[in-house]
Amino acid sequence: MIKSIKGTRDILPPESALWSRVENTAREIFERYGFAEVRTPIFESTELFARGVGADTDIVSKEMYTFEDRDERSLTLRPEGTAPVVRAHIEHRLQQETSIAKLYYLGPMFRRERPQKGRYRQFHQIGAEVLGSDNPAIEAEVLEMLQFFLRLLGIQDQTLLVNSIGCPACRPQFLEHLKRSLAEKKTGLCPDCQRRSETNPLRVLDCKVESCQPAIESLPKISDFLDSACRAHFEKFLGYLASRQVAFTIVPRLVRGLDYYTRTTFEITSGALGAQNTLIGGGRYDGLAEALGGPSTKGFGFALGLERILLVLQDRGNPPDPLTPQVYLAPLGERAFDTATLIAKCMRENGIRCFLDFDARSLKSHLRLANKLGSLYALIFGEVELQAGNYQLKQMTNGEQTTLTPDELMRAAESSGQADLRTSILKALFLARSTYHF
Ligand SMILES: [Zn+2]
Ligand SMILES: [Zn+2]
């Protein structure tokens, strides 16, 4: 028996409905804010990620799915979404179309990480990029959008953490002070941090080991080293957040390790899963387009892991939206079944989730199946009832059963305004009868 590959998984119903809900909410909200979808290929030339993510990162050095195709070209399954979007933006000269490009993406990414709970080698991200401007007003709008998006999903307890990491002009002075300070405190740091303080000192700042925290607290803060342009950018950004009434916390230790990241950086966390849990991370990357060999293009964006968001939603008892039938059709007899196919067609064309089984059943067997499927209503009719134009509508939750007459269907069809489910079923039934003459 062939099984799925370690580190991958099937997303099955009913959980898949929750995935759709998150994806649909993202599409709807991002599009309301003027973002348009971009779909880039699943594989790209390896060089794109080596340059765009950084050759000395864990992702590029250890985790990429890289292979040679038959032309001996090195290809890589995309481990993240920003480099491909920026590549597409440069390749198709999207900056000439409008002043800025607002693009979003969603889909699978691939990294060969050690499998553990909630970590997959094929995982899924939703992200967006604003390309072509370094105006901090854009950053504030994106953060407003993200808070709204999470609120709509029911994630209320969210905290926005922000920082500025300066630019290539002012960050080197900070790094020098940081290295010097780390050298003095080295003995008090964990082995990982001892190593990082040589190789990538910025990463010491996000060490989670308890015993490292006092030393980290006393390290120099990048905010003391920002040059006047970076300081002005950060202050404007905070001002725009405040005027949009977006709450935030400044966290001086919030940094990103890669050179092309500049100025604004942020995370949105939620207290749901144990301690602080990062749901979304992002920032400004004004140097990325040039690192990819394109013209200078300012950029700001974010990415979120769908698996992480799903864990939070499920942890809070968000059951997947069950796609149970709204009405179960229970025809009794062969001719009634034929009519039922027309009723089902009409119900479905009019937005009602309708279930019609293919096997002949007794009334008892119909109702047992309707119950098992969790249907809200059952519509029962045999040939005699069809002749008279009468139908039995049973509300499955309380067992209440009423007879629908042609008059009642007519009244429902003539009613206006927002219809409840029962009225919608009656309207569709009326429409089926008048369209197909039964
Ligand atoms: Zn600067
Ligand atoms: Zn440490």
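Visitor: Which residues does the face of helix 6 turned away from its buried side carry? And what do the buried residues of helix 6 pack against?
Guide: One note to begin with: this is a predicted model. The face turned away from the buried side of helix 6 carries the exposed residues Pro 172, Arg 180, Ala 183 and Glu 184. The buried residues of helix 6 pack against helix 7 (191-199).

Visitor: Which residues in helix 6 are buried?
Guide: Arg 171, Phe 174, Leu 178 and Leu 182 are buried there. Seen down the axis of helix 6, the buried residues fall within an arc of 70°, so they line one face of the helix.

Visitor: How many residues does helix 6 have?
Guide: Helix 6 covers residues 171-185, which is 15 residues. From first C-alpha to last it reaches 21 Å, close to the 21 Å expected at 1.5 Å a residue.

Visitor: How many bridges join strand 7 to strand 8?
Guide: Two bridges join them, and the strands run parallel. Across that pairing, Val 162 stands opposite Ile 250 in strand 8.

Visitor: Now strand 12. How many of its residues are buried?
Guide: Six of its six residues, 327-332, are buried.

Visitor: Do the strands joined to strand 12 run parallel or antiparallel?
Guide: Strand 13 (residues 354-356) is joined to strand 12 by three bridges and runs parallel to it. Strand 14 (residues 377-382) is also parallel to strand 12, with six bridges. Tyr 328 stands opposite Phe 355 in strand 13, and Ala 330 stands opposite Ile 380 in strand 14.

Visitor: What does the chain pass through from strand 12 to strand 13?
Guide: The chain goes through helix 12 (residues 334-349), and this β-α-β crossover is right-handed.

Visitor: What do the buried residues of helix 16 pack against?
Guide: Their partners include strand 12, helix 12 and strand 14. Strand 15 (391-395), strand 16 (401-404) and helix 15 (406-414) are also among them. The buried residues of helix 16 include Ile 425, Leu 429 and Phe 430.

Visitor: How do strand 15 and strand 16 pair?
Guide: They pair in the antiparallel sense over four bridges. The two strands form a hairpin with five residues between them, and Gly 399 in the turn has a positive phi of about 75°. Tyr 391 stands opposite Leu 404 in strand 16.

Visitor: Changing topic: which residues touch the most other members of the largest nonpolar core?
Guide: That core has 62 residues, and the ones touching the most other members are Val 22, Leu 103, Val 142, Leu 146, Leu 279 and Ile 309. Helix 5 (residues 136-152) gives the largest share, seven residues. Another core, of 30 residues, lies apart from it and includes Ala 370, Phe 381 and Ile 425.

Visitor: Is Ala 83 buried or exposed?
Guide: Ala 83 counts as buried because 22 C-beta neighbours lie inside 10 Å, where 20 or more is the cut-off. Its place is in helix 4 (residues 82-91). Ala 83 and Leu 288 are 205 residues apart in sequence, yet 7.9 Å apart in space, C-alpha to C-alpha.

Visitor: Last one: which peptide bond is cis? And what phi do Glu 72 and His 437 have?
Guide: The bond from Pro 13 to Pro 14 is cis, with omega near 5°. Glu 72 has a positive phi of about 60° although it is not a glycine, and His 437 has a positive phi of about 55°. Most residues other than glycine have a negative phi, and most peptide bonds are trans. Glu 72 counts as exposed, with 6 C-beta neighbours inside 10 Å, and His 437 is exposed with 7 other C-beta atoms within 10 Å.

Definitions and conventions. Residues numbered from 1 in each chain as written. Chains lettered and ligands numbered in written order. Predicted model: local features only at pLDDT ≥ 70, side-chain atom pairs only at ≥ 80, totals over all residues. Expected span 1.5 Å × (residues − 1). Buried ≥ 20, exposed ≤ 12 C-beta atoms within 10 Å, placed from the backbone. Arc of directions from axis to C-beta. Contact = placed C-beta atoms within 7 Å. Pairing = 2+ DSSP bridges. Core = buried A, V, L, I, M, F, W, Y, C linked by C-beta atoms within 7 Å. Right-handed = clockwise from strand over helix to strand, strands pointing away.
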